[in-house]
Structure formats: structure tokens, C-alpha cells
Amino acid sequence: MTTPQAIAPNGIVVVGGGIAGMTAAAALAQQGFKVTLLESAPQFGEIGAGVTLSPNAMLGLDFIGVCETAAAAGVEPVRQRIQHYEDGRTLVAKDRSSQREKYGAPYVTIHRADLHDVLLGAARAAGVDLRCGAAVVSSDGASVTLADGSTVSGDLIVGADGVKSVIRQRFDTAPPHFTGHVAWRCLVPVTPQLQELSDFPGIIIGPGAMITRYNIRNSTAMNLVFFSRQDGWNEEGWTTAADPDEVRRVYADWCQDAQTLIEAACQQPMFKWAINARTALPNWTLDDNVTLIGDAAHAMTPFLGHGAACGIEDGVVLARALAASSSIAEGLQRYEAARHERCTFIQSESNANADRMQGQKTDFFGLEGMKDEESLGLFTYDCRTVPV
Ligand SMILES: Cc1cc2nc3c(=O)[nH]c(=O)nc-3n(C[C@H](O)[C@H](O)[C@H](O)COP(=O)(O)OP(=O)(O)OC[C@H]3O[C@@H](n4cnc5c(N)ncnc54)[C@H](O)[C@@H]3O)c2cc1C
């Protein structure tokens with residue numbers, strides 16, 4: 001059998017230490033590959049927000065040995081609901097109490113920084129050469145050039161550098177596009193006023209907008225995201241402070257539950273994001289020495305909560321595909337064959353879900369059969385065993 005050292009004697013260079021890059025680096029190193037991870041930020045970390053990890057994402061974490069550590073750092077909701085914006089009535093209730101039995105892994109909501117700590121621990125334990133303050137400015141062949149002019153080379157470059165990916169420019173020089181959705185994001189402590197909303201988390205939906213809430217950190221805090229369709233704004237960043245009056249204005253005629261969430265949010269640091277995405281690429285591998293994973297490959301709208309999940313799955317499948325192959329070319333071919341169709345489907349269904357959830361017919365939502373991440377079958381995918 002061909003060994004990882006024979007396939008990639010000079011090692012694999014992962015560009016970007018977010019959820020996808022860190023998972024891939026850990027998985028590749030665990031398979032025996034020599035891995036260097038380059039992260040532009042001065043320190044490893046994640047933004048101050050939450051993320052939902054569906055059971056299929058948690059199976060990916062299981063592959064790298066951290067499913068239960070991540071579950072313990074997060075919260076496993078037993079139920080969720082979708083509410084009507086006018087009066088807060090429940091349109092759809094979801095039982096999440098038996099996700100482990102149904103899918104072999106839990107459904108978890110977690111602070112991104114807590115997840116990132118777990119992934120960093122896995123990458124470190126697997127022996128990844130972790131370098132922060134290492135911003136890649138260009139890439140050619142199996143090499144990258146850093147902002148300080150130095151180069152790092154290997155046998156394969158894995159672009160895990162997010163929606164504004166530098167590595168993706170080898171495939172597509174177009175910048176990301178603004179999707180017409182903005183999000184205001186913040187974390188709030190669970191006060192007695194918020195207890196009921198925290199006990200039954202979920203989404204309030206209305207025409208052109210929705211509000212998501214879920215618990216993190218032992219249910220002492222809630223992650224809130226206020227989504228709205230807006231034109232003419234595309235700043236993406238964690239530093240654009242929200243104008244509380246703008247948030248109040250957008251949801252002015254929404255129900256009491258929405259007002260309670262808005263008032264809690266306006267007491268906390270809140271940031272406004274443009275949701276940018278990428279059009280699907282026909283190929284994710286080039287010249288047998290570069291590939292893409294995560295948002296660099298397929299940044300999508302967050303309306304199925306599956307961007308991070310896809311990045312985790314990509315990382316695991318890439319590692320398995322390379323480990324099962326006798327050359328990088330073969331491994332990349334297997335990786336793309338195993339992943340491209342699923343990610344492109346999820347990308348397109350995420351957009352469709354925005355239309356479903358933020359359509360004009362909130363009164364009828366859920367009556368014609370639900371199409372969501374669970375009913376679309378996304379939870380049954382097992383990246384640990386899917387054929388490569
Ligand atoms: C409002 C919102 C809510 C979401 N909710 C969910 C959810 O509940 N569930 C879910 O699964 N997904 C969700 N997503 C999507 C998810 O956040 C992303 O898909 C995921 O974080 C992408 O991970 P990534 O590692 O591919 O990219 P990123 O997280 O963007 O990481 C890229 C990393 O690369 C680094 N980097 C960038 N450029 C360079 C460079 N030139 N050189 C070196 N390093 C570089 C960055 O600093 C960063 O650390 C949501 C997205 C949004 C906007």
C-alpha cells in the first residue's frame with residue numbers, strides 16, 4: 001500500500017485555520033500526512049458568535065475524535081420551533097430529543113470559539129505544524145507566498161481560506177457576490193425575561209426577514225441572528241457596529257417575542273454582516289496540486305445552517321480520499337467526486353430555503369410539507385463512511 005509519505009513527501013499545506021481548514025488539517029495529519037496550516041490572523045480563534053452543528057457535522061468531528069468533546073462544550077436542544085412573525089404562534093415544532101438515536105450523533109449548538117478550541121486541540125495533538133500570522137498573498141504550483149515575501153511549499157495546497165479566498169483565484173478571479181441578505185448578530189445572556197424563549201429556541205419567520213435564536217454555553221447565553229433582505233450594502237466584517245434603531249425599524253410590526261429579543265440584543269455589542277456567497281465552481285481541483293474546501297469552495301447562504309457542516313465533511317472526505325489513493329491526483333479526483341454534487345445541492349437549497357422561510361405566505365408555512373435540512377436528508381450523510 002502507498003504510504004502518505006510516498007504520496008506527499010513534502011507535505012500538504014492548508015491555507016486558512018477556520019472550521020474547515022482546522023478539521024482538514026487534523027484529519028490529514030491523523031491519516032499520516034505531514035501538514036502545515038497557515039492562518040493569516042495573529043492568533044488562532046473564531047468570531048464571537050454561535051454555530052449549529054447538525055448530526056452529519058458531528059459525525060465529521062467523530063472521525064477526528066472530538067465529537068463528544070464538542071458536544072460537551074455545546075448544547076443539545078431537545079426541541080425547536082418556527083413561529084409566525086405577527087403573533088408568535090408556533091407554525092412548526094421540531095422534536096430534537098432523539099437525534100443521537102436517529103443519526104448516530106447529536107445535534108449541537110455551540111459558541112464558535114469553543115468549537116475552534118476543540119478543533120485546534122485535535123490538530124495540535126495530530127502534529128500539525130500550526131502557523132498564525134501567516135497571510136497567503138498568492139499561490140502557484142504547490143507553493144504559496146506569504147505577505148512577508150517568504151514561500152511555503154508542499155505537494156498539495158488546500159485552500160480553506162473562506163469566502164474571500166486567495167487560493168480560489170486560481171480557479172475563478174471573480175469576487176464573492178452579495179446575496180441581498182444582511183444579518184445582525186449578537187450574543188445575549190439568558191436573563192429571566194429570556195428564559196421562556198431560551199427553553200424553546202427556534203426561528204421567527206416573516207416576509208423578507210427572520211430571527212434565529214439558540215442556546216450556547218450551558219444555556220447561559222443565546223446566539224441571536226436577525227436576517228433581513230436589503231439592497232446596496234455589502235460590507236462583511238465583525239467590526240461594523242449595528243444601529244439598534246435600524247434593527248427596531250425592520251421588525252417594528254413583529255410580535256412580542258421578537259421585540260423581547262430585539263431589546264435584549266440592543267443592550268449588547270451587535271454587528272451587521274452582509275451575507276456574501278459564491279457561485280458553484282465546475283471543479284475544485286487543478287493541476288494535481290491545489291484544491292478547495294469549505295467556504296473557499298462553496299460559500300453559501302446560511303439558511304440551511306450547513307456551511308460549516310459542509311466544511312467539516314470536506315476536510316474528512318479529503319483526508320480519507322488521499323489516504324485511500326496512490327497519488328495526489330487520484331485522491332483529489334476521489335475527493336471531488338464524493339463531495340461536489342452534495343455541496344452544490346446544499347448551496348442551491350440554502351437559497352431556496354430563504355425563499356421558503358421568508359416568503360410572503362407565512363400563514364401557510366409548513367402546511368404543504370416541510371423542506372428543511374432534516375427533511376432534505378442532509379442529516380443522514382456520514383462523511384466517515386461515504387464511498388471515496
Ligand atoms: C450569519 C451566519 C450564520 C451561520 N450559521 C451556520 C450554522 O449554524 N451552521 C453551519 O454549518 N454554518 C453556518 N454558517 C456558515 C459557516 O459560518 C461557514 O460556512 C464556515 O464558517 C466556513 O468555514 P471555513 O473554514 O470554510 O471559512 P472561514 O470560517 O472563513 O475560515 C477561513 C480562515 O482562513 C483565514 N484566511 C483567510 N484568508 C487567508 C489568507 N490569505 N491566508 C491565510 N489565512 C487566511 C481566515 O482568517 C479564517 O481563519 C453561517 C454563516 C453566517 C454568515
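**Helix packing and local backbone features of the predicted model**

Ile19, Met22, Thr23, Ala25, Ala26 and Ala29 of helix H2 meet Leu115, His116, Leu119, Leu120, Ala122 and Ala123 of helix H6. Sorted by class, the residues of this contact between H2 and H6 are 10 nonpolar and 2 polar, with no charged residues. The structure is a predicted model, and the values reported here are computed from it. Helix H2 spans residues 19-30 and helix H6 spans residues 112-125; their axes come within 8 Å and cross at roughly 25°. Angles under 35 degrees count as roughly parallel, so H2 is roughly parallel to H6. The crossing in which H2 passes H6 is left-handed.

The protein chain as a whole contains 12 helices and 18 strands. Its radius of gyration is 21 Å, close to the 21 Å that the globule rule gives for 388 residues, so the chain is as compact as a globular protein of that length. Along the principal axes, the C-alpha atoms occupy a box of roughly 65 × 45 × 35 Å. Of the 388 residues, 51% count as buried. Contacts between residues at least 6 apart in sequence were also examined; of these, 76% join residues at least 24 apart.

Two further helix pairs were described in the same terms. Two packed helices are described by the angle between their axes and the distance between the axes. For helix H11 (residues 307-323) and helix H12 (residues 328-357), the axes come within 8 Å and the crossing angle is roughly 155°. Angles over 145 degrees count as roughly antiparallel, and H11 and H12 are therefore roughly antiparallel to each other. H11 passes H12 in a crossing that is right-handed. On the H11 side the contact is made by Cys310, Asp314, Val317, Leu318, Ala321 and Leu322, and on the H12 side by Ile328, Gly331, Arg334, Tyr335, Ala338, Arg339, Cys343 and Ile346. The contact of H11 with H12 has 10 nonpolar residues, 1 polar residue and 3 charged residues.

Helix H11 also packs with helix H3 (residues 55-63), where the axes come within 8 Å and cross at roughly 35°. The crossing of H3 and H11 is left-handed. Asn56, Ala57, Gly60, Leu61 and Phe63 of H3 make this contact with Ala308, Ala309, Ile312, Glu313 and Val316 of H11. By class, the residues of the contact of H3 with H11 are 7 nonpolar, 2 polar and 1 charged.

Backbone geometry was considered next. Most residues other than glycine have a negative phi, and most peptide bonds are trans. Ser219 is not a glycine, yet has a positive phi of about 60°. Ser219 is located in the loop between strand S14 (209-216) and strand S15 (221-229). With 16 other C-beta atoms within 10 Å, Ser219 is partly exposed. Asp287, likewise a residue other than glycine, has a positive phi near 55°. Asp287 lies in the loop between strand S17 (285-286) and strand S18 (290-292). It has 12 C-beta neighbours inside 10 Å; a residue with 12 or fewer is classed as exposed, and Asp287 therefore counts as exposed.

Strand S17 also contains Thr285. Thr285 has 21 C-beta neighbours inside 10 Å and counts as buried, the cut-off for this class being 20 or more. Leaving aside residues up to four places away in sequence, Thr285 touches Thr291, Leu332 and Glu336. The C-alpha atoms of Thr285 and Ala297 are separated by 9.9 Å, and these residues are 12 apart along the chain.

Asp253 is exposed, with 9 other C-beta atoms within 10 Å. In sequence, Asp253 and Asp87 are 166 residues apart, while their C-alpha atoms are 9.9 Å apart in space.

Methods. Residues are numbered from 1 along each chain as its sequence is written. This is a predicted model: local features need pLDDT of at least 70, side-chain atom pairs count only at pLDDT 80 or more; totals for chains, interfaces and linings use all residues. Helices (H or I, at least four residues) and strands (E, at least two) are DSSP runs, numbered from the N terminus. The radius of gyration is taken over C-alpha atoms; the globule rule is 2.2 Å times the number of residues to the power 0.38. Two residues are in contact if their C-beta atoms, placed from the backbone, lie within 7 Å. Axes are lines fitted to C-alpha atoms, for helices over the stretch in contact, and angles run from 0 to 180 degrees between N-to-C directions. Angles under 35 degrees count as roughly parallel, over 145 as roughly antiparallel, 65 to 115 as roughly perpendicular and the rest as oblique. A crossing is left-handed if the near helix is turned anticlockwise from the far one by less than a right angle, and right-handed if clockwise. Ala, Val, Leu, Ile, Met, Phe, Trp, Tyr, Cys and Pro count as nonpolar, Asp, Glu, Lys and Arg as charged, and the others, Gly among them, as polar.
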